[in-house]
Amino acid sequence: IDAIGPDALRFRSSKSLRISDQDWNLLPQPETPLEISITNDSAIVKNGSIRAEIRAAHGRITYLNDRDEVLLKEAFHQHHLHFARQFHSRGSDHFELKVTFEAEKDEHLYGMGQYPNDCLDLKGTVLELAQKNTQISVPFLLSSKGYGFIWNNPAVGRAELSLTHTSFYAEYARQIDYVIFAGDTPAELVEHYSDLTGKSPKMPKYATGFWQSKLRYYSQEDLMSVAREYKRRNLPISVIVADFYHWASTGDWRFIADLWPDPAGMVQELEEMGIKLLVSVWPTLSEESENYDEFIKNNYTIRPELGNNLFHNANNDITYVDVTHPEARKALWSKLKKNYFDNGVRMFWMDEAEPEIEPLQYENIRYYLGNGLEVSSIYPFYAAQLLY
């Protein structure tokens, strides 16, 4: 149990011989000293407005705020010690794991990203922890009891927010890893969350206007005729979108020369009309792409445990750039810079980041970590979205 900035505690637990220092998407925080007191039957770890009480008899942890109100308590059963933390070996230092807390029926739970379940209060739901089209998994839970909870594990899993228990489960991870902090209002909790994970930059003024998007513009002339008509009619427009398949093959990351003959001139004319061009970019490669051989040769794509590396069909069979690989990121940006940025494009829509893999077998995916390791069965595009 560590302090992670003011008024927050980070809990990590593993059956392996070491605790990983990987922060995933937690930002560096100012050093904060812990207050630790130990007695014969318990230990208390305190950081500002939150403290953890650990019972010596069975290691059960209870979190309380500075008003001595219980925020969250590990589940416990006297016939199954350490019921709250479950580990099942998946080889090496990875585990299928689960942490379970007691639940109170009058507690209301919010957050967790965007799920198409029509539930504002998530109490009573079970949520898959994975990205999909229309499903955006952001494992931050906000409780009516006055705490925020971050499940800090980029692994496929689920959150069980039932009437009888609250559990977080990961199919393949090194350790249980979460952050908890107290707050008097939802606004305080959200602000604290953004301090821990990052704040959105202020939106530029031009982006607050009207965006014109269509599925899709076939050519430069097609797009420009729409933009010119907006200006002819004196209608306000700030952004126009060049959506997918403005490329010849997926993974070319450039406009089709015959249909989009002058990207720099197009951007310049749009700028003179006060319009920004937004370009859709997919992190995907088809075998027909001019960049496929380079990316395959250098292991810049995600790789399967079994079968070939073509995970999805979108006009062509495609694979995905492994943007957890630092050299793959550099290679991808070099293409985007040459074909878009150097032609004046400053807005990129990083689409297809779910990713759409068919069949959706996460355990078949292998990807690269920045420390040089390759890891399979862990959800790759949680880290990938750091690029986006």
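**Contacts, sheets and ring pairs in a predicted model**

Leaving aside neighbours within four places in sequence, Ile 357 is in contact with Ile 302, Phe 311, Tyr 320 and Ile 365, where contact means heavy atoms within 4.5 Å. The structure is a predicted model, in which local features need pLDDT of at least 70 and side-chain atom pairs count only at pLDDT 80 or more, while totals for chains, interfaces and linings use all residues. Residues are numbered from 1 along each chain as its sequence is written, and side-chain values use heavy atoms, with hydrogens and water left out.

Ile 357 sits in the loop between strand S24 (347-350) and strand S25 (365-368); helices (H or I, at least four residues) and strands (E, at least two) are DSSP runs, numbered from the N terminus. With a relative accessible area of 8%, Ile 357 is buried. Here buried means under 20% relative accessible area, exposed over 50%, and partly exposed in between, using a 1.4 Å probe and protein chains only. From C-alpha to C-alpha, Ile 357 and Glu 160 are 25 Å apart in space and 197 residues apart in sequence.

Thr 301 is buried, at a relative accessible area of 3%. Not counting residues up to four places away in sequence, the residues that Thr 301 touches are Leu 285, Phe 295, Ile 296, Asn 309, Thr 319, Tyr 320, Val 321 and Asp 322.

For the protein as a whole, six helices and 26 strands are found. The C-alpha trace spans about 80 × 50 × 40 Å along its principal axes. Of the 388 residues, 51% count as buried. Among contacts between residues at least 6 apart in sequence, 65% join residues at least 24 apart.

Turning to the sheets, six strands form an open sheet in the order S1-S2-S16-S13-S12-S10, with antiparallel pairing; two strands pair if DSSP finds at least two bridges between them. Strand S1 (2-3) and strand S10 (109-114) each have a single partner strand and stand at the edges, so one side of each is left without a neighbour in the sheet. Within this sheet, six bridges join strand S2 (residues 8-13) to strand S16 (residues 176-182) in the antiparallel sense. Arg 12 stands opposite Asp 177 in S16.

Another open sheet has four strands in the order S17-S18-S19-S24, with parallel pairing. Its edge strands are strand S17 (211-212) and S24, each of which pairs on one side only. S17 runs parallel to strand S18 (residues 239-242), and two bridges join them. The bridge partner of Gln 212 in S18 is Ile 240.

Helix H2 lies across S17, S18 and strand S19 (276-281), running at about 165° to S18. Axes are lines fitted to C-alpha atoms, for helices over the stretch in contact, and angles run from 0 to 180 degrees between N-to-C directions. How do H2 and H3 pack, and at what angle? Helix H2 (residues 220-232) and helix H3 (residues 263-272) pack at about 5°, with their axes 11 Å apart. That makes H2 roughly parallel to H3, given that angles under 35 degrees count as roughly parallel, over 145 as roughly antiparallel, 65 to 115 as roughly perpendicular and the rest as oblique. On the H2 side, Gln 220, Leu 223, Met 224, Ala 227 and Arg 228 meet Pro 263, Met 266, Glu 269 and Leu 270 in H3. By class, this contact of H2 with H3 has six nonpolar, one polar and two charged residues; Ala, Val, Leu, Ile, Met, Phe, Trp, Tyr, Cys and Pro count as nonpolar, Asp, Glu, Lys and Arg as charged, and the others, Gly among them, as polar.

Finally, the rings. A search of the whole structure finds 23 aromatic pairs, where rings of Phe, Tyr and Trp (its six-membered ring) pair if their centres lie within 6.5 Å, and planes under 30 degrees apart count as stacked, over 60 as edge-to-face and the rest as tilted. Phe 11 and Tyr 178 form a stacked pair, 5.0 Å centre to centre with 20° between the planes. Phe 11 lies in strand S2 and Tyr 178 in strand S16, so the pair ties together parts that are 167 residues apart in sequence. Phe 11 is buried at a relative accessible area of 5%, and Tyr 178 is buried at 0%.
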